[in-house]
Amino acid sequence: MAQLSSGLTLQQLRYFIEVAAEGSISAAADLLYVAQPTMSAAMKDLEARVGRALLVRSARGVTLTADGVEFLGYARQVVEQFALLEQRYLGRPPRRRLLGVSTQHYSFAVDAFVRMVKASEVAEYEFSLRESRTWDIIEDVRTLRSELGILYRNDFNRKIIDKLLRESGLAFTPLFLADPHIFISRNHPLASKERATLADLAGLPRLTFDQGANNSFYFAEEILSTLSSKQEIRVSDRATIFNLMIGLHGYTISTGIISGQLDPEIVAIPLDVDERIEIGWIGHAAIPLTDQAQSYLRELRAVVAEFGVALID
């Protein structure tokens, strides 16, 4: 069994990664075909060796402590790098790839995910893509349920978002700046305009993504969230919002980057407002990204660049 200089073993690290992913020692044991007492003992021994509590155990399963979150990030790095050594020098087949991404509702994030999966060229992988609420995206990344989060900032929400990220040990890295656009159906009366104004939108149903219990203006996915609207509909997913654009001539405000393949019936019209949308990714400030996460970000940048949007280096 491969053993690290500290007395930790790669097997312990792999066990810990699965326990964290499953949120349950018994579920991880079942997944890895290990007896539950053996898995439980391995986790206790791991915590004893590092001298820190990594897991909080309860009747519902386990959650990570703050030390556990940090340890998980490094454990993933070690296991991934060891797998690369095995592939290069021992001719071992690639191990199962892992990556979780949480994102606001952007089709370019989905496009990049598709490309990343196709480019992985491995027989086994476990990837997750969660289109979620702003608060939940931050929580997913904080707890390492997802390694990356994709969201936006602007002058209105920047202080609140940055404060929450700092308190969560996360950092925001800008990807690009976008001019605001409205998304509407191809048969919408405004679809032929070169630019739309706020006056054009008066009386039209405004479609926004529901933020649940954390329904603060600062967590809205759409800019100008404080402007009043006589007709407003909140939805939870992109398929619904696109159906309402088509069926009710509703609109939403976003980046203007839209996939013709994923969303063929929707067009983006520039909105004449003095605003910019800064899209970026969030991750743990003190934990380096895995190779798989870096691969996703490369695909994300490539997708955005194809729309002629200038990337932020």
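**Overview. Salt bridges in the predicted model.** A search of the whole structure finds 18 salt bridges (a side-chain nitrogen of Lys or Arg within 4 Å of a carboxyl oxygen of Asp or Glu). The model is predicted: local features need pLDDT of at least 70, side-chain atom pairs count only at pLDDT 80 or more, and totals for chains, interfaces and linings use all residues. Residues are numbered from 1 along each chain as its sequence is written, and side-chain values use heavy atoms, with hydrogens and water left out.

**View 1. Glu47 pairs with Arg57.** The two side chains form a salt bridge at 2.8 Å, N to O. Glu47 sits in helix α3 (residues 36-50) and Arg57 in strand β1 (residues 55-58), so the pair ties together parts 10 residues apart in sequence. Helices (H or I, at least four residues) and strands (E, at least two) are DSSP runs, numbered from the N terminus. Glu47 is buried at 12% relative accessible area, while Arg57 is partly exposed at 36%. Buried means under 20% relative accessible area, exposed over 50%, and partly exposed in between (1.4 Å probe, protein chains only).

**View 2. Glu139 pairs with Arg142.** This salt bridge spans 2.8 Å, N to O. Both residues belong to helix α6 (residues 134-142), 3 residues apart, about one turn of the helix. Glu139 is partly exposed at 25%. Arg142 is also partly exposed, at 32%.

**View 3. Asp313 pairs with Arg301.** The side chains meet in a salt bridge at 3.8 Å, N to O. Asp313 lies in the segment after α10 (291-305) and Arg301 in helix α10, so the pair ties together parts 12 residues apart in sequence. Asp313 is exposed at 91%; Arg301 is partly exposed at 26%.

View 4. In contact (heavy atoms within 4.5 Å) are 12 residues of domain 1 and 13 residues of domain 2. Helix α4 (residues 66-90) gives the most to the domain 1 side, with 10 residues. That side divides into 6 nonpolar, 3 polar and 3 charged residues. Nonpolar here means Ala, Val, Leu, Ile, Met, Phe, Trp, Tyr, Cys and Pro; charged means Asp, Glu, Lys and Arg; the others, Gly among them, are polar.

**View 5. Thr103 and its surroundings.** Thr103 lies in strand β3 (residues 97-103). Thr103 is buried, at 0% relative accessibility. Among the residues Thr103 touches are Ala109, Leu129 and Ile150.

How values were computed:
Lists of a residue's contacts leave out its neighbours within four places in sequence.
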